[in-house]
Amino acid sequence: MTKSPEDEHPQKVFGWAARDSSGILSPFTFSRRGNGDDDVTVKVLFCGVCHTDLHAVRNEWGFTNYPVVPGHEIVGVVSNIGKNVKKFKVGDRVGAGVIVGSCRKCESCRQDLENYCPRMIFTYNALDHDGTKTYGGYSDMIIVDQHFVVRIPDNMPLDAGAPLLCAGITVYSPMKYYGMTEPGKHLGVAGLGGLGHVAVKIGKAFGLKVTVISASPKKESEAIDRLGADAFLVTTDPAKLKAAMGTMDYIIDTISAVHPLAPLLGLLKMSGKLVTVGLPEKPLELPIFPLVLGRKLVGGSDIGGMKETQEMLDFCAKHNIVADIELIRMDYINTAMERLSKSDVRYRFVIDVANSLSRY
Amino acid sequence: MATNGKSPEQGHPKKAFGWAARDTSGVLSPFKFSRRATGETDVTFKVLYCGICHSDLHMAKNEWGFSIYPLVPGHEIVGVVTEVGSKVQRFKVGDKVGVGCLVGSCHSCDNCANDLENYCSKTILTYGAKDRDGTITYGGYSDIMVADEHFVLRIPENLPLDAGAPLLCAGITVYSPLKYYGLDKPGMHVGVVGLGGLGHMAVKFAKAMGVNVTVISTSPNKKKEAIEHLGADSFLVSRDQDQMQAAIGTLDGIIDTVSAQHPLLPLISLLKPHGKLVTVGAPEKPLELPVFPLLLGRKLIGGSNIGGLKETQEMLDFAAKHNIKADIEVIPMDYVNTAMERLLKADVRYRFVIDIGNTMNSSA
């Protein structure tokens, strides 16, 4: 007989979980392993709400294993370390992101690309090395192998820094990999949500000219006045779209709904690069002629490795980049999820876990 | 009709003779026309051979919708220089030269400045395009060519003219992306989809670069050729589920030469993480792009279109050094319509080349 979540492991943990595809979260008592030699125990202070959390609680991708405790933008303080842990000490401000394990031996792992390891372990809704389920950061503490823990730079606020652990690395990594960082070049950011708003900030920090590409005209003044974008292109305006054809060196496409790629490809210059980091449910239509005639490419990217995640945090700290957040209490989470499904947030909800997650 | 108002025969001072398609039937027949006088930066050459590219077939039948009739196709043109303009530095009479897909570009944009004339928005195609003087360009199914020096290539000494001709389009079309997408490193494992004019060239170039090559094809009967004759290391029948399954995640890159509609997902699955699918064939309708596999493996799909002039010369020199030439079937000019029919059925190993020098007979 398999043990209940509460009895599986020695340490009692409290969090909120979704129990079925309604996606409604509610209090959930479970347990975590004892702090192993390579482990770091983190008292969770804040956890960002990623759109992936919403997909997961509603089983929109079809592989949710209920009950699910989401949350992979986790920040807090170290409360315990194993005897092999040298990088961190109790009291350090740290974070954990989308993955908590990998095989550590394959080519990807050896190249600091744990995120492409075929056996990577997601922070929640996955099976850990011991075969038990992983639970995420909507909880009061988490135990993570030191390799998968990152330091939050001193001058970075924990709450607004939390979303960088997924949203931040998700846009930073492809910008580096696909060579989208040459100062003076023109970056288009398609979609202005959690990923998009961070992409604008990071793009500006790289010295790029940034145009936000969006279907919502009302986001224009935000994009320019608050986020620092240089221009705003409304995709529903055919004249403006036409005028912008062939003007962008790079595009980061953060749109998670199914959408046409042809107009975005048209915005690229010759040899331009479109990177898609959103995860639409269905395949997209890809016209091949524009790729061939313009030597354009469409590439994907998925978060980043641990080394690069730390590099990204340090880069953001240096450039004073944090997410724009709406801090919420744990018991607001279901309303937040509803609002998130309508993109009604500027631009990430962050749960004030330590101050609002109480057992009863 | 040449758009300087004059007939094709009278539009220019030099008499020229070729074969042209006159309508969407695509049937070619003898055609008298004319070419410009040799300008100060021009090179005039007697055409000896011209390769038949599948584009010639598309254009002859106006399948892409922008053909201008009468259309003289041919953009894999080789011959011997007969005259050079006063400012020509790189060529002299008697030199073996070639012209590929382009005869002009703007020379002032970023792309031109970076030797990427092929991505200039004002390229002038070798045939069926409007030249600077407003007249229509005519291609290499003809007895002479006049082209600006910048767009003329030197055929290296040890490269045979007939089997070298297809390099000018097919060769550069696969060489350029192998380099640009970094699929040219010894020890890499690259797949080539489709074994035709482009595909067979891709196998040869990749092998010469030290790359391990797998040919991916729907036709099992091409296996022997691919391995024994072209030197591919392995052969994958794309309709064989078991073979495809076994090859999942094994390729650093794929050069996809297929222009028919075909599914991308099986090809994307063959790629290792960070793998690159390069498409040089251009299906008319959009293909379905599954996004999850692209993201989860950080894979990309990119296109490529011929190459700039500098790179085309580099490709020719590389081919000469490594003894790479096309596998061809030399035909007389008047076989061209039959050749087009056979090309439509992919019945050629792997490029027809017209023996212009010996069989292009202008009427008296």
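## Helix α5 of chain B

Just after α5(B), in this predicted model, B:Gly210 takes a positive phi of about 85°. Helices here are DSSP runs of H or I with at least four residues, and strands are runs of E with at least two, both numbered from the N terminus. The twelve residues of α5(B), 197-208, should span 16 Å at 1.5 Å a residue, which agrees with the 17 Å between the end C-alpha atoms, because the expected span is 1.5 Å times one less than the number of residues.

Ten of these twelve residues are buried, meaning under 20% relative accessible area with a 1.4 Å probe and protein chains only; among them are B:His200, B:Lys204 and B:Phe205. The buried residues pack against several elements of chain B, including α4 (170-180), α10 (309-321) and β18 (351-354), where contact means heavy atoms within 4.5 Å.

## The sheet across both chains

An open sheet of twelve strands, with mixed pairing, runs from β12(A) through β16(A) and β16(B) to β12(B), two strands counting as paired if DSSP finds at least two bridges between them. The edge strands are β12 (231-234) of chain A and β12 (234-237) of chain B, each of which pairs on one side only.

Within chain B, β13(B) and β14(B) (residues 271-279) are parallel over five bridges, and B:Lys276 is the bridge partner of B:Gly253.

## Basis of the model

Residues are numbered from 1 along each chain as its sequence is written, and chains are lettered from A in the order in which they are written. Local features need pLDDT of at least 70, and side-chain values use heavy atoms, without hydrogens and water.

Methods:
This is a predicted model: local features need pLDDT of at least 70, side-chain atom pairs count only at pLDDT 80 or more; totals for chains, interfaces and linings use all residues. Buried means under 20% relative accessible area, exposed over 50%, partly exposed in between (1.4 Å probe, protein chains only).
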